[in-house]
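Subject: Handover of a structure and notes on what was found

Dear colleague,

Please find the sequence and the structure below. I would be grateful if you could read the notes that follow with the structure open beside them.

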Amino acid sequence: MKKSSIIGVLILCFAFWGKAQVRNEIRVPDPEGYRTLKCDFHIHTVFSDGLVWPTVRVDEAYREGLDAIALTEHLEYRPHRQDIIASHNRSYEIAEKTARNNQVILIRGSEITRPMAPGHFNAIFLSDCDALEQKEYMDSFKAARRQNAFIFWNHPGWDRQQPDTTLWWNEHTRLYEEGYMQGIEVANGKKYSPEAQRWCMEKKLTMIGTSDIHQPIQTDIDFARGQHRTMTFVFVRERSAEGIREALLHRRTAVYMDEKVIAEEQWLKELFEKSIDIEDIKRNEKSIVITLKNNSDLTFHLKKTRHNPGLVYFREYTIQPQCRHRIEIRLENNLQGGDINFEITNLYAAPNKGLTYSYKV
């Protein structure tokens with residue numbers, strides 16, 4: 001091959017590599033006093049039943065704008081074991097340098113993969129995954145707790161294990177009461193579990209959202225259409241693994257799945273209020289016109305609720321990401337102003353129920 005041709009091929013390769021490594025930031029506001037990190041704590045590679053190499057998972061996370069990931073290989077299910085014979089720590093060890101170079105926080109974890117009950121659980125912030133490979137499931141949980149792990153229940157409504165009804169079993173009561181369960185996946189991939197959200201609210205457990213990705217990420221997610229993986233927003237005091245762990249233990253999270261955000265009410269209100277800037281308000285005797293800007297990548301679906309009939313405004317309205325909007329409120333019956341009441345239907349403050357909100361005009 002001519003020298004000029006070789007140089008041309010190299011230029012194309014570097015150009016492709018550079019394009020592949022472009023980071024697409026997810027613009028989400030920071031609650032007062034905290035920083036929002038985008039995290040995925042349930043990911044698989046070829047070291048369990050995934051289909052990609054560990055460093056690929058880091059590259060995917062970097063390009064998608066994630067701040068932290070956990071590689072959580074199955075302890076009990078390794079279909080590639082004839083081709084890949086290794087410690088349960090190996091996927092983390094392989095990915096660690098790539099994560100460090102890309103400033104992606106890599107968290108060591110494992111998936112305790114048992115029949116129902118108790119089902120599947122992830123233990124993250126481990127120091128040694130191999131210690132969790134035990135015959136009895138409680139011994140695996142005890143080994144995780146000895147390492148100060150954060151443990152959460154995966155996909156409680158998975159139809160392979162709970163085909164008819166999503167139930168809380170006696171085994172879960174034991175794990176919860178003895179301190180072996182700190183959170184639950186409220187969303188796994190594209191599946192939302194209202195039961196899991198209710199349990200988290202009732203039992204003060206942390207809400208988690210994950211991709212549980214096995215295939216290359218673009219196989220499941222159509223980025224060209226604006227889709228994103230399911231993830232957890234974690235509201236941290238510092239950008240570090242320990243900062244994430246502290247936030248998880250104090251339930252400072254929100255689950256981001258499709259256009260839904262699922263969290264405790266205080267975090268939903270902060271995300272909404274800090275996303276929206278009121279740029280201008282114009283008044284006359286007959287109307288009020290509000291110009292606002294959504295500075296985030298979040299979508300907000302609004303639906304009018306009970307209100308003073310003298311205020312006439314939208315039945316339903318969608319505030320699109322990164323867009324400016326002009327909303328008109330007509331004044332009737334000699335009103336000078338009042339409360340615009342609505343539900344933000346895709347911000348789930350309770351199972352399948354949006355956040356109620358009022359704005360005084």
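This is a predicted model: local features need pLDDT of at least 70, side-chain atom pairs count only at pLDDT 80 or more; totals for chains, interfaces and linings use all residues.

Residues are numbered from 1 along each chain as its sequence is written, and side-chain values use heavy atoms, with hydrogens and water left out.

The whole chain

The protein chain has 9 helices and 19 strands. Both are DSSP runs numbered from the N terminus: helices are H or I with at least four residues, and strands are E with at least two. The C-alpha trace spans about 80 × 70 × 35 Å along its principal axes. Of the 361 residues, 53% are buried. Here buried means under 20% relative accessible area, exposed means over 50%, and partly exposed lies in between (1.4 Å probe, protein chains only). Among the contacts with a separation of 6 or more, 65% are between residues 24 or more positions apart; a contact means heavy atoms within 4.5 Å.

Pockets and cavity

Rolling a probe the size of a water molecule over the atoms shows where empty space is left. The search uses a 1 Å grid over the protein atoms alone: a cavity is a set of points where a 1.4 Å probe fits but cannot get out, a pocket is an open set with protein on both sides within 12 Å along at least five of seven lines, and lining residues have an atom within 4 Å of a point. Grid points are joined across faces, edges and corners, and a volume is the space filled by probe spheres set on the points.

The largest pocket holds about 650 Å³ of space. It is lined by 25 residues, and Phe223, Gly226, Gln227, His228 and Arg229 are the closest to its centre. Helix 1 (3-20), helix 2 (54-63) and helix 7 (217-220) each give two or more residues to this lining. By class, the lining has 8 nonpolar, 6 polar and 11 charged residues. In this scheme Ala, Val, Leu, Ile, Met, Phe, Trp, Tyr, Cys and Pro count as nonpolar, Asp, Glu, Lys and Arg as charged, and the others, Gly among them, as polar.

The second largest pocket has a volume of about 240 Å³. Among its 15 lining residues, Phe272, Ile278, Leu292, Phe342 and Tyr359 lie nearest its centre. This lining has 14 nonpolar residues, no polar ones and 1 charged.

Which residues of helix 2 are buried? They are Pro54, Arg57, Val58, Glu60, Ala61 and Tyr62. What covers them includes strand 1 (35-43), strand 2 (68-74), helix 3 (90-101) and helix 7. Gly65 follows helix 2, with a positive phi near 85°.

His155 is placed in the loop between strand 5 (150-153) and helix 5 (170-177). His155 counts as buried because its relative accessibility is 11%. Not counting residues up to four places away in sequence, His155 touches His42, Glu111, His120, Glu185, Asn188 and Asp212.

Lys203 belongs to helix 6 (194-203). At 22% relative accessibility, Lys203 is partly exposed. Leaving aside neighbours within four places in sequence, Lys203 is in contact with Trp168 and Tyr176.

Rings

The structure holds 21 aromatic pairs. Rings of Phe, Tyr and Trp (its six-membered ring) pair if their centres lie within 6.5 Å; planes under 30 degrees apart count as stacked, over 60 as edge-to-face and the rest as tilted. Phe121, Tyr137, Phe141, Trp153, Trp168, Tyr176, Tyr180 and Trp199 are linked into a cluster by ring pairs.

Arg145 lies over the face of Tyr180, 4.0 Å from the ring centre. The charged end of Lys304 sits over the ring of Tyr313, at 5.3 Å from its centre. A charge sits over a ring if NZ of Lys or CZ of Arg is within 6 Å of the ring centre and within 35 degrees of the ring normal.

Yours sincerely
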